[in-house]
Amino acid sequence: MLDDTDRRILRHYQTDPDMAASELANRAGVTASTLTRRLERLRDKGILRGVSGVINWPALGWEVEVSLRVTLDKTQSRAFDEFIAAARDVPEVLEIQTFLGQTDVRLAVIARDMAHYQQLYRDRLLSLPHINDIEALMHVARVKDTEALPL
């Protein structure tokens, strides 16, 4: 699927997506026009999905991060769909992941402080449909934070 040139481009791109195209082409050992064509092809194939801004939430006053592990009442045929649709409407839910196993869904939630989290938990999260069990895991430290893989 990927050749060595694509891997070189992605290896450098994932470490510094803000790098000037000319510098990226130079580091990957290709011309600027080759780089442009290859990046476009990688986007068209869905391999390169885009560039996003990474926000330092604590710097903006969002101090509390929590992972909620949710087990749903699967006796209801639409439990997953209805739960996920409702969870998407909670602005403080940054990420929703589904699983096979004992935990059905994980929500990544942020709050300004503990009082905000407690209010959010009571008023919005516990009222999400089809919850059978919910476990909160309070974020303590981010030990590793990367999406870069060895290419």
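The largest nonpolar core of this predicted model has 19 residues, and Leu68, Phe83, Leu107, Val109, Tyr117 and Leu125 touch the most other members. At least two residues of this core come from each of strand E1 (64-72), helix H4 (79-88), strand E3 (105-111) and helix H5 (114-125). E1 gives the largest share, five residues.

**Nonpolar cores**

- In soluble globular proteins, nonpolar side chains tend to be buried together.
- Another core, of 12 residues, lies apart from the largest one, and its members include Ile9, Leu24, Ala25 and Leu42.

**Glu65, a buried charged residue**

- Where does Glu65 sit? Glu65 is found in strand E1.
- Is Glu65 buried or exposed? Glu65 counts as buried because its relative accessibility is 18%, and the cut-off for buried is under 20%.
- Beyond its neighbours within four places in sequence, Glu65 is in contact with Val109, Ile110, Leu137, Met138, His139 and Arg142.
- One of these residues, Arg142, is joined to Glu65 by a polar contact of 2.7 Å between the side chains.

**Salt bridges**

- Side chains of opposite charge can pair when their charged atoms come close.
- The count of salt bridges in the model comes to 11.
- Glu65 and Arg142 form one of them, with 2.7 Å from N to O.
- This pair links distant parts of the chain, 77 residues apart: Glu65 lies in strand E1, and Arg142 in the segment after strand E4 (131-138).
- Asp145 is exposed, since its relative accessible area is 61% and the cut-off for exposed is over 50%.
- In the salt bridge between Arg78 and Asp81, the closest N and O atoms are 2.8 Å apart.
- Arg78 is partly exposed at 44% relative accessibility, and Asp81 is partly exposed at 45%.
- Salt bridges also link Asp3, Asp6, Arg38 and Arg41 in a network.

Terms used
Residues numbered from 1 in each chain as written. Predicted model: local features only at pLDDT ≥ 70, side-chain atom pairs only at ≥ 80, totals over all residues. Heavy atoms only, no water. Core = buried A, V, L, I, M, F, W, Y, C linked by side-chain atoms within 4.5 Å. Buried < 20%, exposed > 50% of the residue type's maximum accessible area, 1.4 Å probe, protein only. Helix = DSSP H or I, 4+ residues; strand = E, 2+ residues; numbered from the N terminus. Polar contact = N/O pair within 3.5 Å; in protein donor to acceptor, adjacent residues only side chain to side chain. Contact = heavy atoms within 4.5 Å. Salt bridge = Lys/Arg side-chain N within 4 Å of Asp/Glu carboxyl O.
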